[in-house]
Amino acid sequence: MKLNTGGAIQMILEKNIDMVSERAILLMALGSLQALEHQAITIDESQRILFSPYISTHLEKNKVNERVIDIIIECCELEDIFELIPTKYMQTLQILQNRIIEILKQYDEETRKRWVIIDEE
């Protein structure tokens, strides 16, 4: 059974990605990688969510830390790995997840009260 993602209540992760902390971007990347690993989303969907050159360029323009941008750029290459070296695909997902976890450990706890804003219009 597929869940309905429409409805009157919309959940917004800030209004602009440049307002989202690097930590939130890394958490979205980690979740996307785990979803790919468990085939809960497709590579195409992960590219629409976060793993695209458009997003990495936007992050660069907004002076996001280079190590975060590097992870996103590497994740943009997952489709190539899947198609050209399929035996390395799952290993690559694990390596990227581990790198993200190590980077996350270097950040202080997020003090923002809420990360997700509910817009009930």
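A quick definition to begin: contact means heavy atoms within 4.5 Å. Helices (H or I, at least four residues) are DSSP runs, numbered from the N terminus. This is a predicted model, in which local features need pLDDT of at least 70, side-chain atom pairs count only at pLDDT 80 or more, and totals for chains, interfaces and linings use all residues. Residues are numbered from 1 along each chain as its sequence is written, and side-chain values use heavy atoms, leaving out hydrogens and water.

Q: Is Ser 52 buried or exposed?
A: Ser 52 sits in the loop between helix 2 (43-49) and helix 3 (53-61). Buried means under 20% relative accessible area and exposed over 50%, with partly exposed in between (1.4 Å probe, protein chains only). Because its relative accessibility is 13%, Ser 52 counts as buried.

Q: Which helices do the buried residues of helix 3 pack against?
A: The buried residues of helix 3 are Ile 55, Ser 56 and Leu 59. On the other side of helix 3, Pro 53, Tyr 54 and Lys 61 are exposed. The buried residues pack against helix 1 (22-37) and helix 4.

Q: How far apart are the C-alpha atoms of Ser 52 and Ile 73?
A: Leaving aside neighbours within four places in sequence, Ser 52 is in contact with Gln 47, Ile 72 and Cys 76. Ser 52 and Ile 73 are 21 residues apart along the chain, and their C-alpha atoms are separated by 7.4 Å.

Notes
Helices (H or I, at least four residues) and strands (E, at least two) are DSSP runs, numbered from the N terminus.
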